[in-house]
Amino acid sequence: MPRRSLGRQFGWLWAAYAVSAYGSGLGFGALPLIAVLVLHAGPAQVSALSAVGPAVGALIALPLGPWVEFHRKRPVMIAMDLARFAAVLSVPVAYAAGQLGFAQLLVVSAVVAAAKIAFTAAAGAYLKGLVRPDDLLVANARFESTTWSSIAVGPPLGGAAIGLFGPVATVVADAFSYLLSALGIAAIRGREERPGRIGTGRVRAGELLDGWRHILTHPGLRALYLNNLLVAGPIMATEPLLAVLMLGELGFAPWQYGLAFAAPCVGGLIGSRLARRVVTRYGQHRILRTVGTLRAVWPIGLVLVQPGVAGLVTVIAVELGLIICMSLFTPVLATYRLQHTPEDRIARTLSAWSISNSAAIAVLSALSGLLAAATSPRTAIAVAGLLVLASPLLLTRLVADLRPPSSGPAVSCVRGSQRSAVRRGRTGRRSSP
């Protein structure tokens, strides 16, 4: 299938995203690492940094959805990139001055989480107006492939950089990646119209819930939203538990642990590149149901991890299968979400989706940690895997709401046009343009 050009403006947006993604890949896990190596934080503090920061960030982002909705999206994206640049850069500055504290790491984590939610909401709305509807899946697939390639390359290079230059080296790179991203977005040419708004310019209380209202009243989006919460939350909650299991109880070396998660990321390139082809062949609705089911069967396999080479191969195989399914499912989901959301609600809908994801990950991470402390990491991983295994039920119960467009009103119009054409053929008349 030939490569499709989406235009120079999309090229700048994609380049800005790539720079930011690779910077985040280099800085992956940097704040918890600094908390341990520099501040000598204990497990409770590290868990709090991983859960409390994103949760507070989600609360901060709650009023940002309506604000983003009614402002030009490019300035919002630039502002969020600059906010992340300033927040992340404050860490190496404070470290150099000998003033770095745990409270600052919490604040930085919350600011970055909130800015990421607002940026994602603005970028989704901007993307829908930037490319043609037929190209949305191609664009989302390119973002997805960039995400997984940055995860595959970034953490190993980041680990090497920390070993050579110290604990804050990757944080500096991450900070400047946001600055470069802001410059890339600023390079996009073309006038962006200010979104219209009825009434006052202030955010009304009811608008805070408009995103969730749209999701929960749209049957297809509701099914995918609940399914996504039941998949993303448990999967992310098992990451620290798997680290404890592999590095602690099973005795894997750190390089083996890194390999177990870096190598399978090649599956992200495979899945994202297949997205357009399989949707063209099988249809969007079938891919959402089928791949949504397939991605749920993998996480339970992590319970089978044992010491040695066999255990390492098990983790790589499970993660590879999971990542292929996720990287295929995610761009199709993102495209479906944009297609079924009115332009005046995109930012609020994407904000609501991201806030819910962050909240679910924070809550399930905390509960999984408590369960692991009361039982064992393997038991907590098994419970999380069973939760994910139940997630396809949400798609199965609402299978009619993920039906192909052939049963929708758009096709009724097509069928009406076809009937009209038949009638015109019978009467020998042509319609006006």
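Across the whole structure, a search finds five aromatic pairs, where rings of Phe, Tyr and Trp (its six-membered ring) pair if their centres lie within 6.5 Å, with planes under 30 degrees apart counted as stacked, over 60 as edge-to-face and the rest as tilted. The rings of Tyr-17 and Phe-143 have centres 5.0 Å apart and planes at 65 degrees, so this pair is edge-to-face. The pair links distant parts of the chain, since Tyr-17 belongs to helix 1 (residues 8-26) and Phe-143 to helix 7 (residues 136-165), 126 residues apart; helices are DSSP runs of H or I with at least four residues, numbered from the N terminus. This is a predicted model, in which local features need pLDDT of at least 70 and side-chain atom pairs count only at pLDDT 80 or more, while totals for chains, interfaces and linings use all residues. Residues are numbered from 1 along each chain as its sequence is written, and side-chain values use heavy atoms, with hydrogens and water left out.

Tyr-17 counts as partly exposed because its relative accessibility is 27%, whereas Phe-143, at 13%, counts as buried; buried means under 20% relative accessible area, exposed over 50%, and partly exposed in between (1.4 Å probe, protein chains only). Another edge-to-face pair is formed by Tyr-225 and Trp-353, at 5.5 Å centre to centre and with 70 degrees between the planes. Tyr-225 lies in helix 10 and Trp-353 in helix 15, so the pair ties together parts that are 128 residues apart in sequence.

Leaving aside residues up to four places away in sequence, Leu-288 touches Leu-224, Phe-329, Val-332, Leu-333, Tyr-336 and Leu-395, contact meaning heavy atoms within 4.5 Å.

Helix 10 (residues 219-249) has 31 residues and reaches 44 Å from its first C-alpha to its last, close to the 45 Å expected, a span given by 1.5 Å times one less than the number of residues.

Conventions:
Helices (H or I, at least four residues) and strands (E, at least two) are DSSP runs, numbered from the N terminus.
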